[in-house]
Amino acid sequence: LYWRGPANKSLWYVVEAEDAPFGEHVLQFSTAGAGGIVRSYPAKAEPGVTYELKLMAKDIAGNSALIGIYMFDEKGERLNDYCVFTPTDGSGKWKLYTVIALAPENVATIEAWIWYSTRNEATVQVDGLQMKVSDIKAKPNYVPDPYTAPSIEELLENNMRFKAQLLKED
């Protein structure tokens, strides 16, 4: 994966880390009070395919980062109901994180994201990132139908039926 970052490129960089899980270097991402994001370039995605993002991450300072797979349609609009992410745990220790997402019918591209939703200062290190087609069979995300409130007439009718049922049972 190739990465693109915020306008201020000094917020993410490759650094040497003595405890790096793979080799000597890691991607370090910091935010200085205004949230922030670093993400891969878009990759072509296929509807109905399960994608898997795996990486090692370690929080250095501040709040947890969010790691995720984000889906986009042909117009570049984010498909929020199908984006999947997980937070890092803030322990300061290297841990393996896995995110699995099933691409919907209208998907065109996917991206890997590492971001902070807070306005606090924070730093996370990342190593060994892989995004691939998964052999895990995921279920489609549950997307509820929009709720339509019943009308007053429907509520009154149901209430009358309920009262009639109670009278029958007595």
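**Around glutamine 125**

Guide: Leaving aside residues up to four places away in sequence, glutamine 125 touches Val15, Ala17, Val26, Leu27, Gln28, Met56, Ala57, Lys58, Ile60 and Trp94. Please keep in mind that this is a predicted model.

Visitor: Okay, and where does glutamine 125 lie?

Guide: Glutamine 125 lies in strand β11, which covers residues 121–133.

Visitor: Is glutamine 125 buried or exposed?

Guide: Glutamine 125 counts as buried, because its relative accessibility is 7%, and buried means under 20%.

Visitor: What does the side chain of glutamine 125 make a polar contact with?

Guide: The side chain of glutamine 125 makes that polar contact with the side chain of glutamine 28, at 2.7 Å.

Visitor: Switching topic: which residues touch the most other members in the largest nonpolar core?

Guide: They are Ile69, Met71 and Ile110, in a core that has 27 residues. At least two residues of this core come from each of β3 (25–32), β6 (50–61), β7 (66–72), β9 (95–102), β10 (109–116) and β11. There is also a second, separate core of 6 residues, which includes Val15, Ala17, Ala20 and Trp94; Val15, Ala17 and Trp94 are also among the residues that glutamine 125 touches.

Visitor: And which residues form a nonpolar patch on the surface?

Guide: Ile152, Leu155 and Leu156 form such a patch, and together they have about 310 Å² of accessible area. Isoleucine 152 lies in helix α1, residues 152–169.

Visitor: Why does isoleucine 152 count as exposed?

Guide: Isoleucine 152 counts as exposed because its relative accessibility is 57%, and exposed means over 50%.

Notes:
Residues are numbered from 1 along each chain as its sequence is written. This is a predicted model: local features need pLDDT of at least 70, side-chain atom pairs count only at pLDDT 80 or more; totals for chains, interfaces and linings use all residues. Side-chain values use heavy atoms; hydrogens and water are left out. Patches are made of residues with over 30% relative accessible area and no salt bridge: like charges are joined within 9 Å, nonpolar side chains (Val, Leu, Ile, Met, Phe, Trp, Tyr) within 5 Å. Accessible areas come from the Shrake-Rupley method with a 1.4 Å probe; for residues, only the protein chains shown count as cover. A salt bridge is a side-chain nitrogen of Lys or Arg within 4 Å of a carboxyl oxygen of Asp or Glu. Helices (H or I, at least four residues) and strands (E, at least two) are DSSP runs, numbered from the N terminus. Buried means under 20% relative accessible area, exposed over 50%, partly exposed in between (1.4 Å probe, protein chains only). A polar contact is a pair of N or O atoms within 3.5 Å; within protein, one must be able to donate a hydrogen and the other to accept it, and residues adjacent in sequence count only if both atoms are side-chain atoms. Contact means heavy atoms within 4.5 Å. A nonpolar core is a set of buried Ala, Val, Leu, Ile, Met, Phe, Trp, Tyr and Cys residues joined through side-chain atoms within 4.5 Å.
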